[in-house]
Amino acid sequence: MKIIVLGNQARSMSNFWSVLIRHMHRAGHEVVCCAPPGDPGSEAALAAQGARMLHYPLDRKGLNPLRDLRTTGALLRLFKDEKPDLLFTSTIKPVIYGCIAARVARVPHVYATITGLGYAFEADSFFKKCVNRLSALLYRTALAGAEGIFFQNDDDIAVFRQSGILGARARILKARGTGVDTSRFAPAPLPGLAADGSLEGPPVFLLIARLLEAKGLEEYAQAARILKAAHPKARFLLLGPAEQGLGSVSLETVRQWQAEGCIEYLGETRDVRPYVSAAHVMVLPSWREGTPTSIMEGMSMGRAAVVTDAPGCREVVREGYNGYLVPLRDPQALAAAMENFIRQPELMADMGANGRRMALEEFDAEKVAARILEDMRVPVLA
């Protein structure tokens, strides 16, 4: 088969779907990855997995209908030229405009992955409610032609049903996110943790996320401010790329937090592993996720986690087993959960080990990829 994998960034495609692409290539299928241009490093990584790279224009964050129409037209031409047997697409705009173009181009098999609901489904203002209604209409139009739709949690399925996006005959599939490469994200010793469970040096908390409001950055900064008053040596790190447009947190705001001394901003990186190795606990106070990859990667490396009891996040953390679940938008509760690790550092090792066990049993990318291919009825090697 010729399979097109469509995404909004070569980097995210390389980070999240490499194992799936490798499985497709090993099974003898021709894999074509399509993303906007501008990231030769990630494109080289995809080529190393056996994929061919093609580009198309995409305004990831904007709401300009002319630009989105241009994207749809470019994808329509690309599909007609390539004549793929199957389209596998993920993230919001590639799903919507990719599925619409594939339907017009008569691509035989189309599968979409809903990796999260995004800005439009927050619906806490009149503008967002308008965007939500438009998004629901676009999704309903796009997914009507999909052979299968992968969801990463039950909450997102419920929202799509309540919004009238899913037809009665829609084939709903479940996937454990993109999974985590448990070999690449191997266990790393906890820095400064003595054999008796005591901690030599400051506790280090790490939030890996794009600079977006919905990732809970404000709550993280407030919780860090609270804890710094009682535990001044504790460190609260933030790692992730800047964003622009709707729902973003400005670099100026992040730098203000840093100047205040509560947050240490590390910028962005292509490899999170050294930063996870240097941390003791992963944090993600997100308002909503598909399935949080950063937390799965931390679990795979033996790190406990503190996340919100929100869609997607609750899929990967079991309360008191591999971390803590805290109420949404509650900095006090977030601070209290993180303080448990400061007062009882032995929990870092115990819950970290449980997280690694969960990563191997439930979230291993090899198992996730094999199940996705089975659900798409893609022939694989015996």
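This is a predicted model: local features need pLDDT of at least 70, side-chain atom pairs count only at pLDDT 80 or more; totals for chains, interfaces and linings use all residues.
**Pockets, helices and a sheet**

Reader: Which element gives the largest share of the lining of the second largest pocket?
Author: Let's look at the names again: K367, V368 and R371 are among the lining residues, and helix 13 covers 365-375. The largest share of the lining, 3 residues, comes from helix 13.

Reader: Which elements give two or more residues to the lining of the largest cavity?
Author: A search of the whole structure finds 1 cavity of 30 Å³ or more. W17, V19, L20, T178, A365, V368 and A369 line the largest cavity, and by class they are 6 nonpolar, 1 polar and no charged. The elements that give two or more residues to this lining are helix 1 (10-26) and helix 13 (365-375).

Reader: Why do helix 1 and helix 2 count as roughly parallel to each other?
Author: Two packed helices are described by the angle between their axes and the distance between the axes. For helix 1 and helix 2 (residues 40-48), the axes are 9 Å apart and the angle is about 10 degrees. Angles under 35 degrees count as roughly parallel, and therefore helix 1 and helix 2 are roughly parallel.

Reader: How many nonpolar, polar and charged residues are in the contact of helix 1 with helix 2?
Author: On the helix 1 side are A10, R11, M13, S14 and I21, and these meet S42, E43, A45 and L46 in helix 2. By class, this contact has 5 nonpolar, 2 polar and 2 charged residues.

Reader: Which strands are the edge strands of the open sheet?
Author: The open sheet is formed by 6 strands with parallel pairing, in the order 10-9-8-11-12-13. An edge strand here pairs on one side only. The edge strands are strand 10 (264-265) and strand 13 (323-326).

Reader: Which residue in strand 11 does F205 stand opposite?
Author: Strand 8 (residues 204-208) and strand 11 (residues 281-284) run parallel, and 2 bridges join them. Standing opposite F205, in strand 11, is V281.

Terms used:
Residues are numbered from 1 along each chain as its sequence is written. Side-chain values use heavy atoms; hydrogens and water are left out. On a 1 Å grid over the protein atoms alone, a cavity is a set of points where a 1.4 Å probe fits but cannot get out, and a pocket is an open set with protein on both sides within 12 Å along at least five of seven lines; lining residues have an atom within 4 Å of a point. Grid points are joined across faces, edges and corners, and a volume is the space filled by probe spheres set on the points. Helices (H or I, at least four residues) and strands (E, at least two) are DSSP runs, numbered from the N terminus. Ala, Val, Leu, Ile, Met, Phe, Trp, Tyr, Cys and Pro count as nonpolar, Asp, Glu, Lys and Arg as charged, and the others, Gly among them, as polar. Two strands pair if DSSP finds at least two bridges between them. Axes are lines fitted to C-alpha atoms, for helices over the stretch in contact, and angles run from 0 to 180 degrees between N-to-C directions. Angles under 35 degrees count as roughly parallel, over 145 as roughly antiparallel, 65 to 115 as roughly perpendicular and the rest as oblique. Contact means heavy atoms within 4.5 Å.
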